[in-house]
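The sequence and the structure are shown first, and the account of the packing follows.

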Amino acid sequence: MNTSSCISISTTKPCCRIINSYRSLSHFGFSLPRSNNNSLIHTNLSKSHPESVYNHKFHCCNNRSRSQDMGRTCIVNLDRRGFIVCDWNWGHARGFSSNFHVDKGSDSRGVLVIPKVASDIRNHSTSVEGHVNEKGFESIYIQGGLNVKPLVIENIETESNVAKEGKEETSYNRVEVNGSTVNTNFFKDLNESTTPKIVEREVSEIEKEAWQLLRGTIVNYCGNPVGTVAANDPADRQPLNYDQVFIRDFVPSALAFLLNGEKEIVKNFLLHTLQLQSWEKTVDCYSPGQGLMPASFKVKTVPLDGSDGGFEEVLDPDFGESAIGRVAPVDSGLWWIILLRAYGKITGDHALQERVDVQTGIRLGLNLCLSDGFDMFPTLLVTDGSCMIDRRMGIHGHPLEIQALFYSALRCAREMLIVNDGTKNLVATINNRLSALSFHIREYYWVDMKKINEIYRYNTEEYSTNAVNKFNIYPDQIPSWLVDWIPEEGGYLIGNLQPAHMDFRFFTLGNLWAIISSLGTSKQNKGILNLIEAKWDDLIGYMPLKICYPALEYEEWRIITGSDPKNTPWSYHNGGSWPTLLWQFTLACIKMGKPELAQKAVALAEKRLSTDQWPEYYDTRSGRFVGKQSRLFQTWTISGFLASKMLLENPDKASLLFLEEDYELLEICVCALSKTGRKKCSRFAS
């Protein structure tokens, strides 16, 4: 087992940590055995030291003075209560208490005694898994009773090994663009032998500018890139939380970097956010379940405890306790799983997905989503503001955006999970949920001219298992604008469905991800693009794409948004135009064989984005004005444009990111086993 870590003592170098408070050290649940060998680390986490239980601050750093021959090195303070060694080759960081000993006179690389810990995840799962043998998932960051066995890990790295590894790294042809490096080999498929050679094009001036701006948003932690800030407007004196790294915002940036042959920043991001997932989060004395990913995190520099002039970098995550409305980010964990699969598909580095800590992180996130509740539907029940639309907009309940991301994350996770005794029940649960979820969305969320006419003739107050109007929808709910707006050819998935309520607004992100993940049937997916093409002026206008259509106005706006001054009609989340949706539109168009639609939208955006200084969103019904409170130099506007350009230039890479219809799910469709009178399933329409 190769590592590149060692322990050194210093108080003068910058180092990094992650702030968190634990009520229990059962996250780690071990103590290191003592040894007479001075090269070993000695620790004691016994119950006789209660002061070591609280306010643990984890930190790591890169000792640059020894980086040439020692690799990553952690600088620690002997007075510190706890720290972790941030070496990703270990699977994930290890925790130790402050009572340790290091032989300062030894020149050897060191031998570390690390406990081998078996996770007690079955004590934290719900009905999604049985209590089966889980030896394959030995992790140290799951709370619960832990069985500890000492495991000696030797550092066998040599300088020759380092040199050898360096030679094996993939090289890329790059060009300098205004101080930025752009990979010109992103056009090549992973398997060059099966892909026709593509003539490289000249990078346009706006792309050069975009790359320079994107690289200017990179955030470093311990000397390594870990993400990009949400916006980098030099004239903005009150950045609020736009100077943080958001999980959902980083996805298009990650794709741009991956398509450009740069995987380090994406790998670092995935692993650092994975560490944050397992921590205790508390708001007003209440802690949500394990597996919740943060909405964002920020790298801060603070004075090093007990050091004269020393400082350290800390990761400060936000799980919603600082967000507007204090809403947990439901979509963050779903985006993380989707990005993890994209990383493996584009880079071919599937070893990251197979790591013990990553596998456990996937399971934690899924357990949180698949836990039992009172809901009768397979869709996820969430509150308002729990996704990209993070303000009150009347999407509480079962919003399409969450369901589409949930379906996509389930399929991605099932593809990456290692099937063994510890995961076979989880995989079975995923299959059942996918089957039920896809049927539910395809059958009850889809509307076209025929379906609307059917709803118009609904009978109400039906009490029967054979009821046609299963959700007791009143025909008068059909809005007047919809009757004249829906085209003869085409349709879409409605925004929300609850008892006696259908939200007929068109939400772009949910419909696009239904196409990308094959949540809809092939006929429905074609119908969505047909509708977008037919209603181009309404959904695209002068700037792609409307986040939702139409906007809430007048009394409806006052009641549903609470008179939100930021979500006024045709602004921000209430019918604003968001250029970041461009890359998702591009993926959907490429999948459905209509890249010309994406090219048309990209060309439209290219005319204005640079001139308008890359705004976050645009206002007015047709998207003519830069948003009244829009941040400029918005990162996912920049990266979304770049990702769209590269996906259009290389559709083979785009095909790695979307999901085709899973015909195996048709064979296990729960509808075939039902005796409730439901005789046909819309899943077979594909």
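## Helix packing and sheets

Helix α18 passes helix α19 in a left-handed crossing. The model is a predicted one. The axes of α18 (residues 595–606) and α19 (residues 635–649) come within 11 Å and cross at roughly 145°. On the α18 side the contact consists of Pro 595, Ala 598, Gln 599, Val 602 and Glu 606, which meet Phe 641, Ser 644, Lys 645 and Leu 648 of α19. By class, these residues of α18 and α19 are five nonpolar, two polar and two charged.

Helix α18 also packs against helix α17 (residues 582–591), with axes that come within 7 Å and cross at roughly 160°. The two helices, α17 and α18, are therefore roughly antiparallel. Here too the crossing of α17 past α18 is left-handed. From α17, the residues in contact are Leu 582, Phe 585, Thr 586 and Cys 589, and from α18 they are Pro 595, Leu 597, Ala 598, Ala 601, Val 602 and Ala 605. Nine of the residues in the contact of α17 with α18 are nonpolar, one is polar and none is charged.

A further helix pair is formed by α6 (residues 330–347) and α9 (residues 400–416), whose axes come within 9 Å and cross at roughly 45°. The helices α6 and α9 are therefore oblique to each other. The crossing in which α6 passes α9 is left-handed. Among the contact residues are Leu 334, Trp 335 and Ile 338 of α6, together with Leu 405, Phe 406 and Ala 409 of α9. The contact of α6 with α9 has 13 nonpolar, one polar and four charged residues.

| Helix pair | Axes come within | Crossing angle |
|---|---|---|
| α6 and α9 | 9 Å | roughly 45° |
| α17 and α18 | 7 Å | roughly 160° |
| α18 and α19 | 11 Å | roughly 145° |

Turning to the strands, an open sheet of four has the order β16-β17-β18-β19 with antiparallel pairing. Its edge strands, β16 (446–448) and β19 (548–549), each pair on one side only. Strand β18 (residues 501–507) is joined to β19 by two bridges, and Phe 506 has Tyr 549 of β19 as its bridge partner. Helix α10 (residues 424–444) packs on this sheet and touches β16, β17 (491–498) and β18, its direction making about 110° with that of β17. Helix α13 (residues 508–516) lies across β17 and β18 and runs at about 80° to β18.

Strand β14 (residues 296–303) takes part in two pairings. With β13 (residues 245–246), β14 pairs in the antiparallel sense over two bridges, and Val 245 has Phe 297 of β14 as its bridge partner. Eight bridges join β14 to the antiparallel strand β15 (residues 311–318). In that pairing, Lys 300 stands opposite Val 314 of β15.

The confidence of the prediction remains to be considered. The mean pLDDT of the protein chain is 77, and 67% of its residues reach 70 or more. Residues 186–199 have a pLDDT below 50, and this stretch has 22 contacts in the model beyond near neighbours in sequence. Over residues 675–679 the pLDDT also stays under 50, and the model has six contacts for them beyond four places in sequence. Where pLDDT is low, the predicted coordinates should not be read in detail.

Conventions
Residues are numbered from 1 along each chain as its sequence is written. This is a predicted model: local features need pLDDT of at least 70, side-chain atom pairs count only at pLDDT 80 or more; totals for chains, interfaces and linings use all residues. Side-chain values use heavy atoms; hydrogens and water are left out. Axes are lines fitted to C-alpha atoms, for helices over the stretch in contact, and angles run from 0 to 180 degrees between N-to-C directions. Angles under 35 degrees count as roughly parallel, over 145 as roughly antiparallel, 65 to 115 as roughly perpendicular and the rest as oblique. A crossing is left-handed if the near helix is turned anticlockwise from the far one by less than a right angle, and right-handed if clockwise. Contact means heavy atoms within 4.5 Å. Ala, Val, Leu, Ile, Met, Phe, Trp, Tyr, Cys and Pro count as nonpolar, Asp, Glu, Lys and Arg as charged, and the others, Gly among them, as polar. pLDDT is the predictor's confidence in each residue, from 0 to 100. Two strands pair if DSSP finds at least two bridges between them.
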